[in-house]
Structures are given as structure tokens and as C-alpha cells.
Amino acid sequence: MDFFDLHCDTLTTAMFHSADLTERNLDINFPINLDIKRHCQCFAVFCPDTVRGEDAFNYYTMVKHYFAAQLEKYPEYFEQVHSGNDIERITSAGKTAAIFTVEGGAVLGGKLENVEKLHNDGVKMMTLTWNGENELGCGSSDQDFGLKPFGVDAVKEMERLGMVIDVSHLSDAGLSDVFKNVGCAVAASHSNLRSVCGHRRNLKDEQFREIVRRGGIVGINFYKSFLNDDGEKATLGDMVKHIEHMLVLGGENAVCMGSDYDGCDVVSGIEKFGEAVKLEKLLSDAFGSEIAEKILWKNANDFFTEKVLK
């Protein structure tokens, strides 16, 4: 099976446990399950809502250095994606292609020039918020709070640089502001559908449709509470329900994986990355092998290779 995952919190979790990415207690660790032939993983710098201003940029820098140290320590396991055919080259060598991302635009410290600094560090995608308010706007904790002027400037700069605007966690009003101010394709790296599970973190159908219309992608989140209104009753069948409705909404070329490993309570059956191989049969049985391959690999790979890594 090939597996392209748009989001995990493994970097931050490992760093704060003073652990290497080989630590077996992590949801994702190296060496990976050999049944996964090609693996591309987006590794996010997760910035909590308790960190703001210059402290947030320093926090980002700390995680960046940890990531660089792990790349240097384990070159046989994974390599950072920068441009061009890196994903193909790295995965062909039997290694994980690692895409550096950010969860929480607070890491900019309210300074527009930091967008380019992150871009120069190889950050390919960034969510604008986590759940709360920051210098750019507000997350889903207040759905009527849109982007601030700095947030508008930041998304325009991200569009200029070719950094993917990740709208997961963003408020409804903030997402509308993104759509009004940029014309590029955007991603929701780890979000499900509110019409299937009513959690405020999930996308409305019309939001999903607009992401699809723009040529963007949406990663299915494995978190129990985003799959089923009663999270403790969530099953892999709920994941199928979300994907089924996404396909009805026109998402055949947009639906991807956005696990949120090491950042949430994952639905039973795929709690660890090595168990994700079960998804190939699950999705093939539900939608056929061609659609399954698109969801597990092709849609995300096409998006990054054709629109981001030019």
C-alpha cells in the first residue's frame, strides 16, 4: 500500500517527550511498516494557543531544529521534501518523504516577513490558526470571527510564495475571508464533514465544494470525535460515511488522508500508523481500488507535485 498523510503531530509530541522518531510509543515511528511501500508524511509544528508573539516564533524555531536533528540522525529512514521530483526520488529509495508543515499561524509572531522565513525553511503548508484566536484571526472556537488585517496580508503572501493555505481549524468566517482574498487552491489537511458529524471543526458541505472547485484537497481526520457525534461509538465505518458523502459532493480528486496521529484519540483499529494498511482493503471494498488509491496516495501526491513543488 502507498500512503500519503497530510497531517500528524508526531514532531512536537516526540520533542516534548525528549524522544527520537524511533520511539515505539509514538503513533508514527521509524522504521515504518514494510507493508507500506511508498510513504509521504506531512510533519507539523503544532503551536498551542498558549504561545503567542515572539515566543511562538522561538517555539517554531525549536521544533525546526529538532526536525533537522532527526533528519541528520536517521537519513536511512526519511528525508525532507523541498522541490521537484523529491517525493518520487525519496520514496523510490525506500525512505519516507517528509514534508515540513505548521499547525498554527501564531508562529509568525505577527510579522509578515516571517512567512518568507518559514518558506525558506522548507515549510510547504500552514494552518492559519489552531482552535483559538491569534494575530491572523480565530479558529473554530468562534465561528463568526474572521481574519484580521494581518491574516489577510498573510494569506496573500502565502499565495505569492506558493505556501499552501491550510484551512483546518479555521472559523467559518475566517474560511470565507480566505476564499474572498485569494484565488489559489487551498487544503484542509485534517477535517471531516459537519453534515455527517456535527463537530464545529468539520467542514460544511458548501465549504468542501469550494475547496474542490479551486482544485484543493481535504484530508480525512482519524479523530473519533470528528467521525461520529458520539466519539466513543466511532468506527472505521464512519470514515467510510464521510468519504462517501465527499465523493457525492464531487471530491473524487480531492479526498486524502489527514490522520492527526500523535495529536488525537484515533478511531479503533488504526490507532498506530502500522495499522493504516487496513485502510486499503476498507476503501477498496467500499469504493473500488482506483478510488482507494486516489484517496490513499494519488490525490495528495498530484496536488503537491503539480501545484506546490514546481
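1. Of the 310 residues of the protein chain, 61% count as buried (under 20% relative accessible area; exposed is over 50%, partly exposed in between, with a 1.4 Å probe and protein chains only). This is a predicted model, where local features need pLDDT of at least 70, side-chain atom pairs count only at pLDDT 80 or more, and totals for chains, interfaces and linings use all residues. Residues are numbered from 1 along each chain as its sequence is written, and side-chain values use heavy atoms, with hydrogens and water left out.

2. The protein chain has eleven helices and nine strands (DSSP runs numbered from the N terminus: helices are H or I, at least four residues; strands are E, at least two). Its radius of gyration is 18 Å, close to the 19 Å of the globule rule for 310 residues, so the chain is as compact as a globular protein of that length. The radius is taken over C-alpha atoms, and the rule is 2.2 Å times the number of residues to the power 0.38. The C-alpha trace spans about 45 × 45 × 35 Å along its principal axes.

3. Now a single residue. Ser171 sits in the loop between strand E6 (164-166) and helix H6 (172-181). Ser171 is buried, at a relative accessible area of 0%. A polar atom of its side chain lies 2.5 Å from the backbone oxygen of Phe145. Leaving aside residues up to four places away in sequence, Ser171 touches Cys138, Gly139, Ser140, Asp142, Gln143, Phe145 and Gly146 (contact means heavy atoms within 4.5 Å).

4. The structure holds one cavity of 30 Å³ or more. On a 1 Å grid over the protein atoms alone, a cavity is a set of points where a 1.4 Å probe fits but cannot get out; a pocket is an open set with protein on both sides within 12 Å along at least five of seven lines; lining residues have an atom within 4 Å of a point. The largest cavity has a volume of about 60 Å³. It is lined by 13 residues, with Val167, Leu170, Arg201, Asn202 and Leu203 nearest its centre.

5. The largest pocket has a volume of about 210 Å³. Its lining has 15 residues, and Trp130, Asn131, His169, Asp260 and Gly263 are the closest to its centre.

6. The second largest pocket has a volume of about 160 Å³. Among its 14 lining residues, Gly215, Asn253, Ala254, Asn299 and Lys307 are the closest to its centre. Helix H11 (residues 289-308) gives the most to this lining, with seven residues.

Technical notes: Polar contact = N/O pair within 3.5 Å; in protein donor to acceptor, adjacent residues only side chain to side chain. Points joined across faces, edges and corners; volume = space filled by probe spheres on them.
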